[in-house]
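I go from the whole chain to single contacts.

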Amino acid sequence: MDPRDYAVLSLDGRGLPYLPKQAFKTKSPVRPKDPRDAALGDALVTGVIKNIGLLEHTMQHHTKRVEVDAKVRLILWVALYQLLLLDRVPDHALVNVAVEQCRTLKVPRASGFVNALLRTAIRDGEVPLPDRSSVRQYCKIALSHPLDCVDKLIATVGRDGAIESCEHDNREPPILVRLVQGKTLDDLAAVCPALTLEPHEQPGIVVVTGGKVADFATIADAGVGQVQDATSAATVDHLALDRPGLRILDRCCGVGTKTRQIVEQATDADILATDASGKRVRTLRKALPGIDAVRLEFMRDSPLGDRRFDRILIDAPCSNSGVMARRPEARYHQSKDEIASVVELQQAILADTAPFLASGGRLVYATCSIWPDENDAIADAFAASHPDLREVERVHHLPGGTGPTYRDGGFVAVFERPD
């Protein structure tokens, strides 16, 4: 499959703006067999998602059509992204590919419209954009962040901070690898000598340049490290796992990134990892190194009963507002209703889990969000409704930095039950 066709098909069904829930029915696109084509297809998908506001603005500038077919819109987004922000393919070739896509993706009547719009865009060059002083419109169009997301950013970090945050989200985030406990930079270099490695400002984290998917699988299989951001990696440290024989609950284990850290840091521990997704639990059961040290349970099928734990980690489901550079689709899911829904879930998980914290135990609540609704407001309400617990600390991280200073956004609140 041509990587550009793959990109168009991959964009379908992602809940993106301007598209119905099912833009057009298609089977899941098959990744191109050539790794280079697959990488290009993935890069096009990510690039389009990060620039939809700009691409839509450009498209609307060059057409008087009120409505554009969903599939045609995707074809134009992919072509305009390459035209405006990449220089790998000559302009005339982009037009030819887009016109051919109209045929291969079964919208042949749109080929003339697509041809004319793209040639007009090439001829006219850059379209006018809002000035930076018009923060909301500049972030919406030039930086492709929906207004509900922009307004929350302005309320959280101010007008200048909102622009900086949106610019950060649109940059390519570096790949960070957390070294397994006891491993060094030299160990990592020995496993993949062709990679460029740079120590991060946070000990145990390495900035890796030039790596492919297979390289990171090799690193994980060798037991040297795993891909993980610095903010995420620091969360487990708050559990204070320096005492042997702890009973530990990883309440929302997901794909097991932090579960692996707990296995490394805890000695002779009894570890239970649960998740509300049976699929994730089954996948983790097959993949988790040191599986003998961890019991995995599908939460709804295995209630905790009368069990008590010395350490509880709640890495709560959240809006992902602190990781929008890595999860660009998240910017389109920051509406008031969507945030309210996830806040309700976070409150329910905390309330449901707190009774299982043993005397003298520690509970860590963490998100990869920067919104006060999911962080301080949740921690304040939890503290007020649980006077039997003592709050130990709160840590806030805003996303930012580059290279060895880069980190995602996130939040941690720590509570203890006195002896």
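**Overall size**

I checked the radius of gyration first. For 419 residues, a compact globule would have a value near 22 Å; the protein chain has 24 Å, so the two agree. I note that this is a predicted model. Next I took the box along the principal axes: the C-alpha atoms fill roughly 75 × 50 × 40 Å. I then looked up the secondary structure, which comes to 15 helices and 11 strands.

**Helix 3 and helix 7**

I looked at helix 3 (residues 52-61) against helix 7 (residues 135-142). Their axes come within 5 Å and cross at roughly 85 degrees. Angles of 65 to 115 degrees count as roughly perpendicular. Helix 3 and helix 7 are therefore roughly perpendicular to each other. I listed the residues in contact. Helix 3 contributes Gly-53, Leu-54 and His-57, and helix 7 contributes Lys-140, Ile-141 and Ala-142. Sorted by class, this contact has three nonpolar, two polar and one charged residues.

**Helix 4 and helix 6**

How do helix 4 and helix 6 lie relative to each other? I took helix 4 as residues 70-85 and helix 6 as residues 111-124; their axes come within 11 Å and cross at roughly 25 degrees. Angles under 35 degrees count as roughly parallel. Helix 4 and helix 6 are therefore roughly parallel to each other. I noted the hand of the crossing as right-handed. From helix 4, the contact uses Val-72, Leu-76, Ala-79, Leu-80 and Leu-83. Helix 6 meets them with Phe-113, Val-114, Leu-117, Leu-118, Ala-121 and Ile-122. I sorted the contact of helix 4 with helix 6 by class: 11 nonpolar, no polar and no charged residues.

Strand 1 (residues 175-179) joins strand 4 in the antiparallel sense over three bridges. Val-177 stands opposite Val-227 in strand 4.

I read its order as 7-6-5-8-9-11-10, with mixed pairing. Strand 7 (294-298) and strand 10 (390-397) are the edge strands, and each pairs on one side only. Neighbouring strands of this sheet are turned by 15 degrees against each other on average, direction ignored. I picked out strand 5 (residues 247-250) and strand 6 (residues 270-275), which run parallel and are joined by four bridges. I looked up Leu-249: its bridge partner in strand 6 is Leu-272.

**Helices on that sheet**

Which strands does helix 12 (residues 257-265) touch? I found strand 5, strand 6, strand 7 and strand 8 (309-315), with helix 12 packed on the sheet. The direction of helix 12 makes about 165 degrees with that of strand 5. Helix 14 lies across strand 5, strand 8 and strand 9 (357-367). I noted that helix 14 runs at about 165 degrees to strand 9.

Notes:
Residues numbered from 1 in each chain as written. Predicted model: local features only at pLDDT ≥ 70, side-chain atom pairs only at ≥ 80, totals over all residues. Heavy atoms only, no water. Axes fitted to C-alpha atoms, helices over the stretch in contact; angles between N-to-C directions. Helix = DSSP H or I, 4+ residues; strand = E, 2+ residues; numbered from the N terminus. Parallel < 35°, antiparallel > 145°, perpendicular 65-115°, else oblique. Contact = heavy atoms within 4.5 Å. Nonpolar A, V, L, I, M, F, W, Y, C, P; charged D, E, K, R; others polar. Left-handed = near helix turned anticlockwise from the far one by under 90°. Pairing = 2+ DSSP bridges. Rg over C-alpha atoms; globule rule 2.2 N^0.38 Å.
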